[in-house]
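Trainee: I have a two-chain model to go through. Can we take it step by step?

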Amino acid sequence: MRDTQDAATPTILVPVKVLEGQGLPETLATFLAPADVVVLGYHVLPEQTPAEQASLQFEERAQSAVENVARAFREAGGEAEARVAFTHDRDQTVERVATEVGATAVLLPNPVGEVDDLLVAVRGAIDADRLAALVATLIGAGTQRVTVLGVTSEGADVDAEAAVADVRERLRTRGVSADRIATETAAVERPVADIVARSGEFDAIVMGESEETLWSTLVGDETERVAEGAIAPVLVVRRGPAPESTSG
Amino acid sequence: MVPDESSRESDGGVVVTGPTELTDEASVTEEGTELERTIGLAGGFAIGVGTMIGAGIFVFPGLAAGRAGPAAAGSFAIGAVVALLVALPASELATAMPKSGGGYYFVSRALGALPGAVVGLSIWLGLVFATAFYLVGFGNYAAGILAEVGVPIGNATVVSLALVAGVLLTALNVFGTENAATLQNYVVGLLLAILIVFLGYGGLDALGVFGAPSTRERFMPFGPFPMFTTAALVFTSYLGFAQVATVAGDIKRPGRNLPLAMVGSVLAVGALYVATIFVATSAFGSAALSDFGETAIVEVARAFAGRAGAVAILLAGLLATVSSANASVLSTSRAVFAVSRDVILPTAAGRMNLRYGTPHVALALGGGPTLALVALGEVEVLAEVASFLHLVMYGLICVSLVVLRRDEPEWYAPAFRVPAYPFVAVPGAVASFGLIAFMQPLSQVVGVAIMVVTAGWYKYYASDVSLKGAL
């Protein structure tokens, strides 16, 4: 589908609850425009409703709504593909489509204004290379500032300093000038709460995909909890099929 | 490519389209919309088991043992074999056409719009009758529990309890955005747990672990013939495995999960039935069971564990009727959707609402008549009519397989193929139609009348519908 020259451009999957009138702020479209965007308009049904039944009645409405969102991205100068899915399980659909389009990151939407300050929250094992490639694509040509924040649980055996330095180095290699990158590390009791607390200072958050644990199944992914607590949208960087490098 | 279009060929005709591209994870409509497949093997299995284990497992042991002696276990085994003869062809057809609608869809595509319409509309009515029967069964078990704990009950209480359950189930499905289907899985799980404890204890007891082994009774006190006629009586307890195919459009990896869920649920339920008869006849002997009649299993449980045992089995009966009723309400709604999609009923019948995301019209077309029937009574005859209509569909499913296999259309590419299909589908069809002969004349007359009325409706309302892909 894509030209080979575009192969290096990261793809961002933007899931939108299309029949509930969820739109996306224009500022976000501008921010994401340098990347390729796949807008996934989805509608979650209870299991007693066949997906086909919903599509017969609401397909056209869903398609025109998602097309409107995609158009906003194109008007902001980006590439955008529109897809519509009826499902009983949002996560399954997002995961399937993200895999199909080879998405670098998935957006968890939140209200946003102009994106000037970006928070890159580094937690545990992340795919630093994909993360850096994504951030560099989004802000490389602009003037936005990035804060790379390494957050670890107190007493955890993780070298946050090294992980943060690694991300910073990769961003610089990819053309983000040093004066636009700030770094910090913190060892705190509740990392998610700490990221949420700091999110007020930033306009958007980039995080690595969290690992599936028993705890995360019970209370939700770290990234989802951050998105719920924060006022800024969260870009979740997915692990690559064969990560070239990981840190932490 | 699956046949999925129907159209009205007359002027200003309606053209209906459906998913055209089918994969393991999602299907894609002509407009490019993706329909996620989200029901796994466990979900499909729960639909099959939940629909089948209705009141039958508790009602039939006494009646069947009276007719056939301990060989009643053989009757249930024969029933399972007949069910498998239909489940295998149904599985093949479902993997070739993994779409909402199940039996209606196969028959209409293989045999044509008229037989399809008769099956689709009569299964809708048959499911309504069956649901009413399950709800009255629920009322009886609930009243039984009340009686055990000392609350006096009358016949009016049974009907009121059944009506309340019916209203709650329909409301749950219309307003329950938190997945009524998940509730189904819990109900079936709890039911199976109670049954396995009961059968495990009873089985050990029968083998003499808790005292002297029970005296051996002759396996066929009345000879082999009653074993076969009794099989016809108890086959009702296997109705429902084909409902798995009604969710074919939403099931993950349909090529693998549909056959496994359908065949697996028949085998599981058959094993439970046979074990139940073994335990019951070992505990009491068939003459005593026959005297207990419809409450035989409750008396067996009472003999094992006193009042607690009796209440536990009544509770299991309650869960069994809830799961059957709930599964049937869901199947009814899907059956209505499938025929309205092909414009055999007005398409408004398939409409859903965005607020709850549920097909409220189809659910009401199931729940409304059901409540009316419960209130009016006479559900026993209607239950047999429901069996009649199911058996007609099962027979036609087998015929559909033979027709499709003899001259395979281009689109026909099932992931699962029945081995030696004529030796499965032909006996399956003969057995299904043959079982109808054992029914009461009244049920046969009502069943035929319903089929004539549905055929009349087709001629009146939908005779200009032609189904693309039909042979």
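Mentor: Start with a caution: this is a predicted model. Buried means under 20% and exposed over 50%.

Trainee: Where is B:Arg253 found in chain B?

Mentor: Look between two helices of chain B, H8 (225-234) and H9 (254-284). B:Arg253 sits in the loop between H8 and H9.

Trainee: What is the phi of B:Arg253?

Mentor: B:Arg253 is not a glycine.

Trainee: Which loop of chain B is the place of B:Val343?

Mentor: B:Val343 is also a residue other than glycine with a positive phi, near 60°. Its place in chain B is the loop between helix H11 (296-341) and helix H12 (360-376).

Trainee: Is B:Val343 buried or exposed?

Mentor: The cut-off for buried is under 20% relative accessible area. B:Val343 has 7% relative accessibility, so B:Val343 counts as buried.

Trainee: How many helices and strands are there in chain B, and what is its radius of gyration?

Mentor: Chain B has 15 helices and six strands. For 471 residues the globule rule gives 23 Å, and the chain comes close to that, so it is as compact as a globular protein of that length. Its C-alpha trace spans about 75 × 50 × 40 Å along the principal axes. The radius of gyration is 22 Å.

Trainee: What share of the contacts in chain B comes from residues 24 or more positions apart?

Mentor: Burial first: 59% of the 471 residues of chain B count as buried. Now take the contacts with a separation of 6 or more. Residues 24 or more positions apart account for 79% of them.

Trainee: How many positive and negative side chains has chain B, and how far apart are the centres of the two sets?

Mentor: The accessible surface of chain B is about 17,300 Å², with 67% belonging to carbon and sulfur atoms. As for charge, chain B has 21 positive and 28 negative side chains. The centres of the two sets lie 3 Å apart.

Trainee: Now chain A. What is its radius of gyration?

Mentor: Chain A has eight helices and nine strands. Its C-alpha atoms fill a box of roughly 55 × 40 × 35 Å along the principal axes. A compact globule of 248 residues would have a radius of gyration near 18 Å, and chain A agrees with that at 18 Å.

Trainee: How far apart are the centres of the positive and negative side chains in chain A?

Mentor: Carbon and sulfur atoms hold 46% of the accessible surface of chain A, which comes to about 10,800 Å². The chain carries 21 positive and 42 negative side chains. The centres of these two sets lie 2 Å apart.

Trainee: Why do the buried residues of H8(A) line one face of the helix?

Mentor: Helix H8 (residues 222-229) of chain A has as its buried residues A:Glu222, A:Thr223, A:Val226 and A:Ala227. Seen down the helix axis, they line one face because they fall within an arc of 135°.

Trainee: What do the buried residues of H8(A) pack against?

Mentor: The partners are in chain A. One is a helix, H6 (191-198). The strands are E4 (105-108), E8 (204-208) and E9 (234-237).

Trainee: Which residues does A:Leu32 touch, leaving out those up to four places away in sequence?

Mentor: A:Leu32 lies in helix H1 (residues 26-32) of chain A. At 0% relative accessibility it counts as buried. A:Leu107 is 75 residues away in sequence, yet 9.9 Å away in space, C-alpha to C-alpha. A:Leu32 touches A:Ile12, A:Val14, A:Val37, A:Phe73, A:Leu107, A:Leu138 and A:Leu235.

Trainee: Which residues is A:Ala133 in contact with, neighbours within four places aside?

Mentor: A:Ala133 is in helix H4 (residues 128-139) of chain A. Its relative accessibility is 17%, so A:Ala133 counts as buried. Its contacts are A:Pro10 and A:Arg174.

Trainee: And which residues is A:Ala187 in contact with, again leaving aside neighbours within four places?

Mentor: A:Ala187 belongs to strand E7 (residues 181-188) of chain A. With a relative accessible area of 49%, A:Ala187 is partly exposed. Its contacts are A:Thr152 and A:Glu154.

How values were computed:
Residues are numbered from 1 along each chain as its sequence is written. Chains are lettered from A and ligands numbered from 1 in the order in which they are written. This is a predicted model: local features need pLDDT of at least 70, side-chain atom pairs count only at pLDDT 80 or more; totals for chains, interfaces and linings use all residues. Side-chain values use heavy atoms; hydrogens and water are left out. Helices (H or I, at least four residues) and strands (E, at least two) are DSSP runs, numbered from the N terminus. Buried means under 20% relative accessible area, exposed over 50%, partly exposed in between (1.4 Å probe, protein chains only). Contact means heavy atoms within 4.5 Å. The arc is that of the directions from the helix axis to the C-beta atoms. The radius of gyration is taken over C-alpha atoms; the globule rule is 2.2 Å times the number of residues to the power 0.38. Accessible areas come from the Shrake-Rupley method with a 1.4 Å probe; for residues, only the protein chains shown count as cover. Lys and Arg count as positive and Asp and Glu as negative; His and the chain ends are not counted. The place of a charge is taken as NZ of Lys, CZ of Arg, CG of Asp or CD of Glu.
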